[in-house]
Amino acid sequence: MIQLPGVPSTPPEEGFLWIDAIQSEVAADGAGWRAAVESLSGVRLYEPHLLDAVNPNHPSYFDPTDSYAMLVFRKLALDEPAPEAASAQGQPRHPIPAALSRLTTKPVTFLLTPRALITVRPERSRTLQTLRNRLLESTQRADNGTFSPRLPTSPPELALRMLNAMVDQYLALRDPLTAQIDRWQRALLNPRHRFTNWNALLDARLELRKLDQLCEGQRDAIQELRDYVVDEMDESDNTRARDLLLVRANDVMEHILRVLTHTQRLEAGIESAVQIHFSAMAHRTSEVMRILTVITALFMPLTLITGIFGMNFQAMPLLHNPSGFWVTMGMMAITVAVLLILFWRKRYLEEQAVDRDR
């Protein structure tokens, strides 16, 4: 692999070109850029594809033509600042948690031609720059006679390597996302502290749902790319090279499926934690109501006794008896004791005793 100092005047006789462009450059002079690409690759790009390549909101998709194929793949924008969640009026309300702020994505366009791979990317793309440096280091090692990884031999293989590196960034987010969701789950199920961070939890659900839809689009696009590579292969091609392409395509799809599966698992975890939270709240409410019911049941007969002795009658039993007060208090104590024994035998107080033992 050789990095050219500038745009070559003619295409290479052997191998293929990797033409890397920035979206702002293509948008500034689309006609001139398309003419330069046509002179190098021998393929004229369609105007709608050129507009899609500079669209920052375009979803992942694949579109083949007779002379080339176009793939749009949304990658993580790791160099972008953390966004803020918007309120109902569209105004910034609060910052998204650190783990979720890394889910900001931007599209990278791959144009696969027989003699060139053309990439149109955002201005800052750490993944492609890292891959370019790695390929250059591998070339230098091969020239020095030391061991180096195998260099790509075709535009689809180089594109699949880039896609694999982009998907691996999503896989790296599994641990911080899982840790964030676990913290929210523990906060939701903590009986000593009231959970108030509902806005962040809602943002998490929305971001995970976006990631779910994003992975679905990526999987469909890579599946169509794999079918395109298979259809374009000739039976006379190198069997090993063909198998390597299929292996790389299947590996990228498997990685996307792992991200999708983990995202769905996190969504299910949030839903379960919220349901358990409200179930626990309902359980605590029922416990409070049971305690209040027991207290009310204990005081109802006592209120009846005091109400009877509060009547304005001249002649009442124990009214003028010096021991009447103590006899009445004894009756009230016996009533409370009988009710407590009854509640204990009915097992109304058993769960409370178990909670105290814990």
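The model is predicted: local features need pLDDT of at least 70, side-chain atom pairs count only at pLDDT 80 or more, and totals for chains, interfaces and linings use all residues. Residues are numbered from 1 along each chain as its sequence is written, and side-chain values use heavy atoms, with hydrogens and water left out.

**Serine 60**

- Serine 60 sits in the loop between α3 (47-53) and β2 (61-64). Helices (H or I, at least four residues) and strands (E, at least two) are DSSP runs, numbered from the N terminus.
- Its relative accessible area is 11%, so serine 60 is buried. Buried means under 20% relative accessible area, exposed over 50%, and partly exposed in between (1.4 Å probe, protein chains only).
- Not counting residues up to four places away in sequence, serine 60 touches Val72, Phe73, Arg74, Leu214, Gly217, Gln218 and Ala221. Contact means heavy atoms within 4.5 Å.
- A polar atom of the serine 60 side chain lies 3.2 Å from the backbone nitrogen of arginine 74.
- Serine 60 and arginine 219 are 159 residues apart along the chain, and their C-alpha atoms are separated by 8.9 Å.

**Salt bridges**

- The structure holds 11 salt bridges. Each is a side-chain nitrogen of Lys or Arg within 4 Å of a carboxyl oxygen of Asp or Glu.
- One of them joins arginine 34 and glutamate 47 (3.3 Å, N to O). Arginine 34 lies in helix α2 (residues 30-41) and glutamate 47 in helix α3, so the pair ties together parts that are 13 residues apart in sequence.
- Arginine 34 is buried at 13% relative accessibility, whereas glutamate 47 is partly exposed at 39%.
- Arginine 219 also forms a salt bridge, with glutamate 216 (2.9 Å, N to O). Both lie in helix α8 (residues 198-232), 3 residues apart, about one turn of the helix.

**Aromatic pairs**

- The structure holds 3 aromatic pairs. Rings of Phe, Tyr and Trp (its six-membered ring) pair if their centres lie within 6.5 Å; planes under 30 degrees apart count as stacked, over 60 as edge-to-face and the rest as tilted.
- Phenylalanine 325 and tryptophan 326 have ring centres 5.0 Å apart and planes at 75 degrees, so this pair is edge-to-face.
- Tryptophan 326 is exposed, at 63% relative accessible area.

**Surface patch**

- Val288, Met289, Ile291, Leu292, Ile295 and Phe299 form a nonpolar surface patch, with about 550 Å² of accessible area together.
- Methionine 289 belongs to helix α9 (residues 239-309). Its relative accessible area is 47%, so methionine 289 is partly exposed.

Key:
Polar contact = N/O pair within 3.5 Å; in protein donor to acceptor, adjacent residues only side chain to side chain. Patch = residues over 30% accessible without salt bridge, like charges linked within 9 Å, V, L, I, M, F, W, Y side chains within 5 Å. Areas by Shrake-Rupley, 256 points an atom, 1.4 Å probe, with all protein chains shown as cover.
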